[in-house]
Amino acid sequence: MKTVLFITCNLKPKEKSRSLTVADEFLKKYAEFNPDDRIEFIDTYRDHIQRFDEDVLSGMEKLHGGMAFASLTQTEQIKLGKIWASADKFAAADKYVFVTPMWNLSFPAELKMYLDTICVVGKTFIYTEKGPVGLLVGKGKKCLSIHSSGGFHYGTPFDFSVPYLKTLMKFMGVDNFSSIVIEGVDALPDRAEEFVAHAFERAKVEAAVF
């Protein structure tokens, strides 16, 4: 049995979101192929992700300076604990599905807040004399990005979404990365249904091999 983290970042209800609609199709097909796997849902808008703030940075600086965790303020302990718990949960999972829209050539800020809680030194990567090393490497983990864009940006110098996510996953040691990109739905609205239908077919294919 594998554990899949299903991470969404979308304010729209599913019926109005192309990325969520395609992701739902993927999830249904995936469950058919992997009925024993456990799916854990993370909604970066509604799950109150702990952001990096002054308390978090203060607590980290104290720990780096040699202070014990018990010596931190209660607020610092609570907030750092939430970030470490997020990173531990991510490291323990086997597969990851990110479902996102494009906002201004990248992701909504809520997804970046979540990514900051999983890319944590000592949890998912470490520093060495030869540079940073991902701690998730060699563990057979997989990542799928299901991403929607109103225009045509994927593969251009103006896309800082899926390429960034792929780079961050590789940084932590997750090399098996694939994506389903639904784009052009606003630029060519008369072809939107065609683009979504193609994404549905891709979702079925990905579900069979993910």
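Which pattern does the protein chain follow, read along the sequence?

1. The chain follows β-α-β-α-α-β-α-β-β-β-α-β-α, with six helices and seven strands. Helices (H or I, at least four residues) and strands (E, at least two) are DSSP runs, numbered from the N terminus.

2. This is a predicted model, in which local features need pLDDT of at least 70, side-chain atom pairs count only at pLDDT 80 or more, and totals for chains, interfaces and linings use all residues. Residues are numbered from 1 along each chain as its sequence is written, and side-chain values use heavy atoms, with hydrogens and water left out.

3. The C-alpha trace spans about 60 × 35 × 35 Å along its principal axes.

4. Of the 210 residues, 45% count as buried, that is, under 20% relative accessible area, whereas exposed means over 50% (1.4 Å probe, protein chains only).

5. In helix H5 (residues 162-172), the residues Val162, Leu165, Leu168, Met169 and Met172 are buried. They lie on the same side of H5 because their arc around the axis is only 125°, taken from the directions from the helix axis to the C-beta atoms. Thr167 and Lys170, on the other side of H5, are exposed.

6. The cover over the buried residues of H5 includes helix H3 (74-92), helix H4 (109-118) and strand E6 (142-149), by contacts of heavy atoms within 4.5 Å.
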